[in-house]
Amino acid sequence: MISKEEFLNGNWWLVIARYPVACDASINEVIESEEDPTLELSYANELRDECVNSFSYLDSPDIDEDDEDQFEDWYEQQLEDIELEAIKIDEKVIDEYGIEWLNDYLA
């Protein structure tokens, strides 16, 4: 378990990937990184892909399963619509989410 002091003295980030629907459909990760981890293209793409795969059932269209082009277009649009946010963990983040919650989402 990471302590409050370790969060504050380290390079810890709360990363949130939000799927574009009205309800709270998001993936949360706490990771250690020297800079905003969403700037790393492979990490950002992996997180977007995981988000679509986890939540696309919430609004998946009625697409003919034989129409690969239509599905690929829809999937690509979903990837583009994922909102990524990286927040450097500080006192405010710890007060808002709590140490236990942050530790629950360690990547």
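1. Leu14 has Val30, in β2, as its bridge partner. β1 and β2 run antiparallel and are joined by seven bridges. Strands here are DSSP runs of E with at least two residues, helices are runs of H or I with at least four residues, and both are numbered from the N terminus. Two strands count as paired if DSSP finds at least two bridges between them.

2. On the source: the model is predicted, so local features need pLDDT of at least 70 and side-chain atom pairs count only at pLDDT 80 or more, while totals for chains, interfaces and linings use all residues. Residues are numbered from 1 along each chain as its sequence is written, and side-chain values use heavy atoms, with hydrogens and water left out.

3. The sheet is open and has three strands in the order β2-β1-β3, with antiparallel pairing. Its edge strands are β2 (26-32) and β3, each of which pairs on one side only. From one strand to the next, the twist averages 20°.

4. Helix α2 lies across β1, β2 and β3, and runs at about 150° to β2. For such angles, axes are lines fitted to C-alpha atoms, for helices over the stretch in contact, and the angles run from 0 to 180 degrees between N-to-C directions. Contact means heavy atoms within 4.5 Å.

5. Helix α3 covers residues 68-81, which is 14 residues. From its first C-alpha to its last it reaches 20 Å, close to the 20 Å expected at 1.5 Å a residue. The expected span is 1.5 Å times one less than the number of residues.

6. Which residues of α3 are buried? They are Trp74, Tyr75, Gln78 and Leu79. Seen down the axis of α3, the buried residues fall within an arc of 140°, so they line one face of the helix. The arc is taken from the directions from the helix axis to the C-beta atoms. On the other side of α3, Asp69, Asp73 and Glu80 are exposed. Buried means under 20% relative accessible area, exposed over 50%, and partly exposed in between, with a 1.4 Å probe and protein chains only. What covers the buried residues of α3 includes α2 (41-55).

7. How many salt bridges does the structure hold? It holds three. The criterion is a side-chain nitrogen of Lys or Arg within 4 Å of a carboxyl oxygen of Asp or Glu.

8. One of the salt bridges pairs Lys4 with Glu91, with the closest N and O atoms 3.2 Å apart. Lys4 lies in helix α1 (residues 4-9) and Glu91 in helix α4 (residues 91-97), so the pair ties together parts that are 87 residues apart in sequence. Lys4 is partly exposed, at a relative accessible area of 30%. Glu91 is also partly exposed, at 38%.

9. Arg18 and Glu83 form a salt bridge at 3.3 Å, N to O. Because Glu83 lies in strand β3 (residues 83-88) and Arg18 in strand β1 (residues 12-18), this pair ties together parts that are 65 residues apart in sequence. Glu83 has 43% relative accessibility and counts as partly exposed. Arg18 is partly exposed as well, with a relative accessible area of 29%.

10. Arg18 also meets Glu85 in a salt bridge, at 2.9 Å, N to O. Here Arg18 lies in β1 and Glu85 in β3, so the pair ties together parts that are 67 residues apart in sequence. Glu85 is partly exposed, with a relative accessible area of 29%. Through shared partners, salt bridges join Arg18, Glu83 and Glu85 into one network.
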